[in-house]
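Hi everyone, thanks for making time. I've got a structure to walk you through today, so let me put it up.

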Amino acid sequence: MYKINDNYLKLPGSYLFSTIGKKVAAYSAAHPDKTIIRLGIGDVTQPLAPAIISAMHKAVDEMGEAATFRGYAPDLGYEFLRSAIARGDYASRGADIQADEIFVSDGAKCDSGNIQEIFGLDNRIAVCDPVYPVYVDTNAMAGRTGEYDPKTQRWSNVIYMPCTAENGFAPELPQETPDLIYLCFPNNPTGSAITKEQLQAWVDYANRAGAVIIYDAAYEAYISEENVPHTIYECEGARTCAIELKSFSKNAGFTGVRLGYTVIPKDLKCGDVSLHSLWARRHGTKYNGAPYIIQRAGEAVYSKEGRQQLARQVETYMYNARTIREGLEAAGYKVYGGVNAPYIWLKTPGGMTSWEFFDYLLEQANVVGTPGSGFGPSGEGYFRLTAFGSYENSVEALKRIRKL
């Protein structure tokens with residue numbers, strides 16, 4: 001008789017956003033006359049920029065000619081894209097990352113789940129709390145997190161680093177020593193950011209402890225304040241302790257196109273074993289590469305026209321964020337985020353739980369957000385709204401919420 005991976009049976013409920021989708025679908029079916037505004041999932045709404053569309057059209061034409069047709073992509077990704085990334089995201093910020101240290105993929109979500117495969121199951125992980133669910137769930141699927149306690153909503157072998165209003169939603173160095181540390185800044189879900197000095201302290205800590213930081217920089221394009229690092233490799237010593245994940249979904253609207261990359265410096269080693277070599281082996285074995293057309297679209301992100309067009313898109317989303325944040329503050333809500341990230345993190349009113357407030361907003365205002373408890377125990381009593389909707393929908397959602 002075959003056996004299953006029973007670690008999946010330990011996972012609590014369904015994936016957060018699947019649960020939200022089911023609730024919204026049930027409400028919509030029962031109230032077909034209601035217009036629902038969705039500010040829950042962090043999906044973009046603006047169309048792809050003209051420079052990107054032009055690059056895709058050109059690449060499609062190339063695929064229609066024998067002389068320029070492309071089949072399987074190189075394991076790491078096409079050199080033209082990796083070099084554009086190395087120049088645009090790293091050299092421009094004084095970070096020493098080479099093109100052959102960049103692995104192109106179909107998105108940071110996949111990489112954030114897959115990266116744990118190159119580490120042993122006896123490694124302890126440390127995560128911010130609240131946190132993007134994929135970090136913990138994928139480690140739980142592998143059997144690394146121990147047992148789940150539904151009362152505390154915690155895994156026995158995970159080190160939780162509370163991120164609350166009291167510490168500015170910035171984790172403190174853990175007292176227990178982890179092996180793998182997941183950090184995401186600007187943060188999803190709280191929208192918080194940390195300074196370069198704060199991040200340098202984490203790099204120094206990881207090097208002292210012999211730990212690896214898995215750094216999710218998916219929202220780097222939304223940073224507006226000075227002294228907030230755009231990459232962990234701005235910090236001295238990061239090449240020996242950090243892996244960085246980046247996405248084209250939020251900065252370039254590729255949620256429906258799919259493109260991302262992971263950086264593993266060749267200096268990052270466990271004894272004599274290069275993590276770069278391990279990931280290259282895994283990548284080449286399990287992945288056949290992002291399509292040529294999509295990689296050409298990614299290259300256009302770094303063109304002069306692409307940068308200008310995408311900067312305007314980011315400004316649009318952040319204008320939505322400021323509108324929502326200021327409107328909620330004026331209505332008496334306690335609000336965080338919305339400055340360096342397109343997320344607004346608000347305190348639920350009247351002592352409501354996160355899911356009670358979700359149901360309240362859905363039923364009374366027909367607005368969908370994300371319950372903070374879905375991101376971890378410290379997210380209880382908070383709620384996330386995204387700024388990725390249209391300006392008109394953002395204003396209408398704000399109007400409905402303020403009426404409550």
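Predicted model: local features only at pLDDT ≥ 70, side-chain atom pairs only at ≥ 80, totals over all residues.

Is M1 buried or exposed? Its relative accessibility is 86%, so M1 counts as exposed.

With a relative accessible area of 29%, K10 is partly exposed. Now, what does K10 touch, if we skip the neighbours within four places in sequence? The contacts are G146, E147, Y148 and W155. Take Y148: in sequence, K10 and Y148 are 138 residues apart, yet their C-alphas are 6.6 Å apart in space.

Next up is D216, in strand β8, residues 212-216. D216 is buried and has no salt bridge. Where's the nearest side chain of opposite charge? That's K246, 8.9 Å away. D216 does have a polar atom in its side chain that lies 3.1 Å from the backbone nitrogen of A218. Beyond its neighbours within four places in sequence, D216 is in contact with Y135, L183, C184, F185 and L245.

On to some backbone details. Most peptide bonds are trans, and most residues other than glycine have a negative phi. With that in mind, look at the bond joining D129 and P130: it's cis, with omega about 10°. P130 is in the loop between β3 (125-129) and α5 (133-142). Another cis bond runs from F185 to P186, with omega near -10°. Here the proline, P186, is in the loop between β7 (180-184) and α6 (196-209).

As for phi, N227 isn't a glycine, but its phi is positive, about 65°. You'll find N227 in the loop between β8 and β9, and it's partly exposed at 38% relative accessible area. R258 isn't a glycine either, and its phi is positive at about 75°. R258 is in the loop between α7 (249-252) and β10 (260-263), and it's partly exposed, at 30%.

Last stop: helix α9, residues 292-300. Which of its residues are buried? They're Y292, I294, Q295, A297, G298 and A300. The elements covering them include α2, α3, β2 and α10.

Technical notes. Residues numbered from 1 in each chain as written. Heavy atoms only, no water. Buried < 20%, exposed > 50% of the residue type's maximum accessible area, 1.4 Å probe, protein only. Helix = DSSP H or I, 4+ residues; strand = E, 2+ residues; numbered from the N terminus. Lys, Arg positive; Asp, Glu negative; His and termini not counted. Salt bridge = Lys/Arg side-chain N within 4 Å of Asp/Glu carboxyl O. Polar contact = N/O pair within 3.5 Å; in protein donor to acceptor, adjacent residues only side chain to side chain. Contact = heavy atoms within 4.5 Å.
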